Amino acid sequence: MDKDIDIKVKVWRQRSATEKGRFETYELKGVSQSASFLEMLDILNNQLVHEGVEPVVYDHDCREGICGTCSLYINGHPHGPDTQITTCQLHMRHFNDGDTITVEPWRSAGFPVIRDLMVDRSSFDKIQQAGGFVSVNTGGTPDANSIPVPKHKAELSMDAAACVGCGACVAACKNGSAMLFVSAKVSQYALLPQGRPEAKKRAKAMLAKMDELGFGNCTNTRACELECPKGVSISNIARLNREFIGAKCSD
Ligand code: FES
């Protein structure tokens, strides 16, 4: 049964990307284990405001595990100690009375710190804009059944499309690689007939943009797959490599 717990929260504080950061530790008393992790941070910020201390900056939007914005490194794990959930779905029942919880931003050259726990993940938007789409010639709406899609391919495509672009894969990877993200976005289209016409161009353009923005490459440690809140498989990275090699061979 959930109870109220006293905890210490060790939070990374940093005023900007160019200033040096540091950990600050705050005590919180009587936090309900039914509270979500973000609600706990809200309680902390209320306390800080009352004490005249600047509240901790952190990112969030949907609080439903959909948008991927709430990206925090908690006790050494992207999105915390539970598996296949985003930070907003983590609850305080995963922590005990007397715990010290360490909260850090994503640490990657591709995600510079904006302030405290908030990082700039617009690099993912740039990779997506490089080719993560299907060009559509406007015209009459085609019949729903006019392009048959095998069921197993539709399911693999949907599994890849589950990626919410949170960046946990990059934060977990010793190389700071964005390969799981890129491979999910490439795969979701490569598996469908609608995505095939631009498949070669897409794989090359998205990987080139990933390299340009300073993300590392994949050395198959699988940390990304383990920490992905949506369980995206690294088999997508194998597909991305096949798509890329196929595209280069036909140049
Ligand atoms: S706030 Fe949207 S996934 Fe957590």
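Guide: Gladly. Rolling a probe the size of a water molecule over the atoms shows where empty space is left. This is a predicted model, and in it the largest cavity is lined by 15 residues. Those nearest its centre are Cys-173, Ser-177, Cys-218, Cys-224 and Ile-237. Helix 5 and helix 7 (223-227) are the elements that give two or more residues to this lining.

Visitor: What volume does the largest cavity have, and how does its lining divide by class?

Guide: The volume is about 110 Å³. The lining divides into 9 nonpolar, 5 polar and 1 charged residues.

Visitor: How many cavities of 30 Å³ or more does a search of the whole structure find?

Guide: The search finds 2. The second largest cavity holds about 90 Å³ of space. Its lining includes Cys-163, Cys-166, Cys-169 and Cys-228, along with Leu-180, Phe-181 and Lys-230. Here the elements giving two or more residues are helix 4 (168-172) and helix 5. By class, this lining has 9 nonpolar, 2 polar and 1 charged residues.

Visitor: And pockets? Which residues line the largest pocket?

Guide: Look at Val-134, Ser-135, Val-136, Asn-137, Thr-138, Gly-139, Gly-140, Pro-142, Ile-147 and Gln-194. About 200 Å³ of space lies in this pocket. Its lining has 4 nonpolar and 6 polar residues, and no charged ones.

Visitor: Let's turn to helices. How should I read the two sides of one?

Guide: An α-helix has 3.6 residues a turn, so residues three or four places apart point the same way.

Visitor: How far should the 14 residues of helix 6 span, and how far apart are its end C-alpha atoms?

Guide: At 1.5 Å a residue, helix 6 (residues 199-212) should span 20 Å. Its end C-alpha atoms are 20 Å apart, which agrees with that expectation. Following helix 6 comes Gly-214, with a positive phi near 90°.

Visitor: Now a single residue, please. Is Ser-123 buried or exposed?

Guide: The cut-off for buried is under 20% relative accessible area. Ser-123 has 6% relative accessibility, so it counts as buried. You will find Ser-123 in helix 2. Leaving aside neighbours within four places in sequence, Ser-123 is in contact with Gly-110, Phe-111, Leu-213 and Phe-215.

Visitor: For another case, is Asp-4 buried or exposed?

Guide: Asp-4 is exposed, because its relative accessible area is 52% and the cut-off for exposed is over 50%. Asp-4 lies in strand 1 (residues 4-13). Not counting residues up to four places away in sequence, Asp-4 touches Gly-30, Val-31 and Ser-32.

Visitor: Where is Asp-4 relative to Pro-142?

Guide: Their C-alpha atoms are separated by 56 Å, and the two residues are 138 residues apart along the chain.

Note on methods: Residues numbered from 1 in each chain as written. Predicted model: local features only at pLDDT ≥ 70, side-chain atom pairs only at ≥ 80, totals over all residues. Heavy atoms only, no water. Helix = DSSP H or I, 4+ residues; strand = E, 2+ residues; numbered from the N terminus. Expected span 1.5 Å × (residues − 1). 1 Å grid on protein atoms, 1.4 Å probe; cavity = no way out; pocket = protein on both sides within 12 Å on 5 of 7 lines; lining within 4 Å. Points joined across faces, edges and corners; volume = space filled by probe spheres on them. Nonpolar A, V, L, I, M, F, W, Y, C, P; charged D, E, K, R; others polar. Buried < 20%, exposed > 50% of the residue type's maximum accessible area, 1.4 Å probe, protein only. Contact = heavy atoms within 4.5 Å.
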